[in-house]
Amino acid sequence: SEEENVAVNETEQRLPNFYILGVRQTGAEVLTKILELHPQVVIAKSFEFFRREDRYNLGIEWYRSQMPLLKPNQILIEDANDLLIESKVPPRILVTNPSASFILVLCHPLKRIILDYLHIREFAQQNPSSEYNFQEIALNLTDLLLKNDVINYAYPGLYRSKYSKFFKMWLDNYSVNNFFVVDSDDLLMKSPIDVLDKLQDFLGISNSFAPVDFVYNDTSSQWCHTEINCSNMRQGSIDLPEDTVQTIKAYFKAYNQELYDYSRVTFDW
């Protein structure tokens, strides 16, 4: 009927139903691109509303006014990736958007460190006039991680990989049931459909992805959606000495176990 057609075509600005959280270089970018292909999903860029004082002070209605128009059957996901580590963000979201839920995208801590190191080196080389002192240019990763065979706790790359420390402060505000926690390698390297089926159930949307939608990309060594060019995503590796690898893995063992306990999800890290 005409009334039904009007209802279907009505649009409104709403607060996000979900937020994608992660840490720099954990693989959230690829998942975001895949979810954008779902007809019921609308992705909003991060407005950093909860992190930036100048924007937070504008109020919740300003925040809502920045959101895209949504149809009744659509959900809104804000790509808030690197906000996981910001301590003031969880309580602020709870106050303004208490019904929100979260997709937490992570990867093995050492893998994240390697990818982040390569990312910073590339950025530094492309921005030689930057006043920032890029120690990643002057030193190799082993020298940044270890000093005299002892872990260099001052290296910032270690900090962001302590996922459990950040996740705990989110659990002080939201139930663990509000989180879908995924290892991006399960999505990219193992079985994208298994991950997406569970994620779509979590989001409360129809299953719109099929195995035929994904092909294995030999260049990037990962599964890739046929509509996404991911040949240049998350590439790069470093051959670290085995003793360095084992030292760093041992260092993160307790943090990883905490993450498993908090999230009720276990990865093969």
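Let's start at Thr-32, which has its place in helix α2 (residues 28-35); helices here are DSSP runs of H or I with at least four residues, strands are runs of E with at least two, and both are numbered from the N terminus. This is a predicted model, so local features need pLDDT of at least 70 and side-chain atom pairs count only at pLDDT 80 or more, while totals for chains, interfaces and linings use all residues. Residues are numbered from 1 along each chain as its sequence is written, and side-chain values use heavy atoms, with hydrogens and water left out.

Thr-32 has a relative accessible area of 6%, so it is buried (buried is under 20%, exposed over 50%, partly exposed in between, with a 1.4 Å probe and protein chains only). Setting aside neighbours within four places in sequence, Thr-32 is in contact with Ile-20, Ile-43 and Asp-79, where contact means heavy atoms within 4.5 Å.

Now for the aromatics. The structure holds 25 aromatic pairs. In the pair Tyr-251 and Phe-252, the ring centres are 5.0 Å apart and the planes sit at 70°, so this one is edge-to-face. Rings of Phe, Tyr and Trp (its six-membered ring) pair if their centres lie within 6.5 Å, and planes under 30 degrees apart count as stacked, over 60 as edge-to-face and the rest as tilted. Tyr-251 and Phe-252 are both buried.

One aromatic cluster includes Tyr-19, Tyr-56, Trp-62 and Trp-170. The charged end of Arg-92 sits over the ring of Tyr-56, 4.0 Å from its centre; the test is NZ of Lys or CZ of Arg within 6 Å of the ring centre and within 35 degrees of the ring normal.

Phe-252 also turns up in a helix contact: Pro-109, Leu-110 and Ile-113 in α6 meet Val-245, Ile-248, Phe-252 and Asn-256 in α13. By class, this contact of α6 with α13 has six nonpolar, one polar and no charged residues. The axes of α6 and α13 (residues 242-263) come within 9 Å and cross at roughly 120°. The two helices are therefore oblique to each other, given that angles under 35 degrees count as roughly parallel, over 145 as roughly antiparallel, 65 to 115 as roughly perpendicular and the rest as oblique.

Finally, two loops. Pro-128 lies between α6 (109-126) and α7 (135-138), and is exposed at 69% relative accessible area. Glu-227, in the loop between β11 (222-225) and α13, is exposed too, at 61%.

Notes. Axes fitted to C-alpha atoms, helices over the stretch in contact; angles between N-to-C directions. Nonpolar A, V, L, I, M, F, W, Y, C, P; charged D, E, K, R; others polar.
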